[in-house]
Protein chains: 2
Amino acid sequence: MLTLKPDHSELVVLSILADTPSYGYAISKAVAARSEGHFKLAPSNLYPLLTRLEKQGLVTTNWEEVKSDTADPDADGRRRKWYRLSAKGQKRLAQHIDAYHRARAILEAFVTPAAEPRA
Amino acid sequence: MLTLKPDHSELVVLSILADTPSYGYAISKAVAARSEGHFKLAPSNLYPLLTRLEKQGLVTTNWEEVKSDTADPDADGRRRKWYRLSAKGQKRLAQHIDAYHRARAILEAFVTPAAEPRA
DNA sequence: CATGATATATCGATTTCGGATATATCGCAA
DNA sequence: TTGCGATATATCCGAAATCGATATATCATG
């Protein structure tokens, strides 16, 4: 039995991370860019999702300090939490893509206005 | 801004009703049939959904007694609640189909493994 | 007479979604 | 220099959808 409502946000984030490691804010921008502005991942959706991905071992993470040109060496710069797709995450992404394709095939029967043969 | 997670159940039910008026149990069977058994609409999903559709004026309803060949004239037969797509429901269905097509177009950029031009 | 199919419906737990809010830094322009 | 928008991460909460389980009752078949 297929779930016809896959977690699109998870698919989308994993897809972004499949290209290159990234961090939250950049991910949200990449999603907006790749969808040509049609899909927006709000912080309230993105960060809990990223935490879930981390807990499930689909991504690995590490913190990085953002260096500023004029920054005082002692100053705490902004921190970025980087996310990298794990092997497990790659498998999950493949599963998402497969599930999407199958769901799409099924839904075609419902979005095509009643042109099926009268068997 | 598109919602990338359209209510597939609603689209599916409206799509079934676009063909012909029907009732709950028959709708769930029709969904299973048209999806070749891949999509199952459980009663706990279907009936609250139908109630919502009715409240929103997307469908009109009426009860019908199911006559049995051997039934005592006084016996209460099973009751069917028929649902018919309203003009408003037809518009909603068209909106769902349009939203689905647009969401599908957007998601293509995410399910295609990183083969985009390096602009 | 018992079982499975027909037929409708609610309950509660879980998950998801979206808006609002919170904190803090950096870059730029008035 | 001051304030504003962008960068950056994160939580809270209310609304909505989903799912499993349960409930009731009739009909058809063996």
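Q: Is A:R34 buried or exposed in this predicted model?
A: Burial is judged by relative accessible area, where buried means under 20%, exposed over 50% and partly exposed in between (1.4 Å probe, protein chains only). Because A:R34 has a relative accessibility of 16%, A:R34 counts as buried.

This is a predicted model, in which local features need pLDDT of at least 70 and side-chain atom pairs count only at pLDDT 80 or more, while totals for chains, interfaces and linings use all residues. Residues are numbered from 1 along each chain as its sequence is written, chains are lettered from A and ligands numbered from 1 in the order in which they are written, and side-chain values use heavy atoms, with hydrogens and water left out.

Q: Which residue forms a salt bridge with A:R34?
A: Side chains of opposite charge can pair when their charged atoms come close. A salt bridge here is a side-chain nitrogen of Lys or Arg within 4 Å of a carboxyl oxygen of Asp or Glu. For A:R34 the closest N and O atoms are 2.2 Å apart, and the partner is A:D19.

Q: Which helix holds both A:D98 and A:R102?
A: Helices are DSSP runs (H or I, at least four residues), numbered from the N terminus. The two side chains meet in a salt bridge at 3.3 Å, N to O, and A:D98 and A:R102 lie four residues apart, about one turn of the helix, in helix α4 (residues 87–111) of chain A.

Q: How many salt bridges are there over all chains?
A: Among them is the pair B:E54 and B:K81, at 3.0 Å from N to O. Over all chains, the count comes to 10 salt bridges.

Technical notes: Helices (H or I, at least four residues) and strands (E, at least two) are DSSP runs, numbered from the N terminus.
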